[in-house]
Amino acid sequence: MDVDHYNVLGLPSGEEGANLTQKEITKAYREKARDLHPDKRKDDPNAHENFIKLKSSYEILVDEKARKLFDDLLQVKREQKRRFAQQDSKRRKMMSDLEDRERASFAPDPAMKAKEEEERIARKLKEEIARIRAMQANKGASMGTGSGQEKVGREGNSGVGGHVGVDKERVLKVSWEKIGEGYTAEKLRELFSRFGEVEDIVVNSSKKKGSALVVMATKHAVDAATGSVSGNLDNPLLVVPLKPSVAEFPAAKKEEQSDRLSNLVGAGYQAFEDAVLNKLTKAAENQQK
């Protein structure tokens, strides 16, 4: 395992890297991702490969089990390097003779034992990397892909929050005009994360309008985000709850409010959100089987 995933993200490795928090790792990843994104490096034939490598290293470091295995592997390598650096030629000869005698007397070989431990940890790390990639691939397949749609989901989950069905009170409708740079799923995640954990984002683009469904982890986060996110001043966001609470919208005004919100985000938004919610629900149900 020659790749140092901390160095890929521009972070210090070794014992200092092992003490980094997940927040520091995520911050470093976002800075690197903005710099290495293929859209900014159209003349670089390796841009896409480098971006995939960056994302893979980030997924390993934010997965607790995979990161622990990787840190253990680095520690074994550091100990081996430190041990050999301290040995001069005479000492290495003496150690070699001693190890020969130990092997002759059926004693465990320290170098062989360290090598086996390194290989064992490397195998476990490889398995964890495969597990993470398979999890992401299964999630992408269950959610499906569509024209003009972009999804960013929470790691390790299939469907919304791992529950059967979608709690519409945790979903926000977001819309904006198609002017200027617009909004990507990554940008929306950055904006809404300050209100709470973001589980999923599905972005739909048309010629005149952009829209998205943002699934928050809690209803409290939905309440905090509603009406608070403005986005860019030259292209503000319209943020409304997918399913307003009874306290905010009495039954007598539900139909009128629903019609008004539908008009705000465009005539085609209802069909889009219904299709996305159906996909999310089916994916969650398949995960439970």
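This note comments, point by point, on a predicted model of a protein.

1. Overall composition. The protein contains eleven helices and seven strands. Of its 289 residues, 36% are buried. Among contacts with a separation of 6 or more, 71% are made by residues 24 or more positions apart.

2. The largest nonpolar core. This core has 26 residues, and those with the most contacts inside it are Tyr6, Leu9, Leu11, Ile25, Leu54 and Leu125. At least two residues of the core come from each of the helices H1 (5–8), H3 (22–36), H4 (47–62), H5 (64–85) and H7 (110–143).

3. Helix H4. This helix has 16 residues and spans 23 Å from its first C-alpha to its last, which is close to the 22 Å expected at 1.5 Å a residue. Its buried residues are Ala47, Phe51, Leu54, Ser56, Ser57, Tyr58, Glu59, Ile60, Leu61 and Val62. One of these, Leu54, is also among the residues with the most contacts inside the largest core.

4. Aromatic pairs. The count of aromatic pairs comes to three. In one of them, the ring centres of Tyr29 and Tyr58 are 4.0 Å apart and the ring planes meet at 10°; the pair is therefore stacked, since planes under 30 degrees apart count as stacked. Tyr29 belongs to helix H3 and Tyr58 to helix H4, 29 residues apart, and the pair thus links distant parts of the chain. Both of these tyrosines are buried. Trp176 and Tyr183 form an edge-to-face pair, with 5.3 Å from centre to centre and 70° between the planes. Trp176 and Tyr183 are likewise buried.

5. A charge over a ring. The student may wish to locate Arg83 and Phe84 in the structure. The charged end of Arg83 sits over the ring of Phe84, at 5.1 Å from the ring centre.

6. A buried loop residue. Val166 lies in the loop between strand E1 (149–153) and strand E2 (171–177). Is Val166 buried or exposed? Its relative accessible area is 17%, and Val166 is therefore buried, as the limit for a buried residue is under 20%. Along the chain, Val166 and Leu277 are 111 residues apart, yet their C-alpha atoms are separated by 7.0 Å.

Definitions and conventions:
Residues numbered from 1 in each chain as written. Predicted model: local features only at pLDDT ≥ 70, side-chain atom pairs only at ≥ 80, totals over all residues. Heavy atoms only, no water. Core = buried A, V, L, I, M, F, W, Y, C linked by side-chain atoms within 4.5 Å. Buried < 20%, exposed > 50% of the residue type's maximum accessible area, 1.4 Å probe, protein only. Helix = DSSP H or I, 4+ residues; strand = E, 2+ residues; numbered from the N terminus. Expected span 1.5 Å × (residues − 1). Phe/Tyr/Trp six-rings, centres within 6.5 Å; stacked < 30°, edge-to-face > 60°. Lys NZ or Arg CZ within 6 Å of the ring centre and 35° of its normal. Contact = heavy atoms within 4.5 Å.
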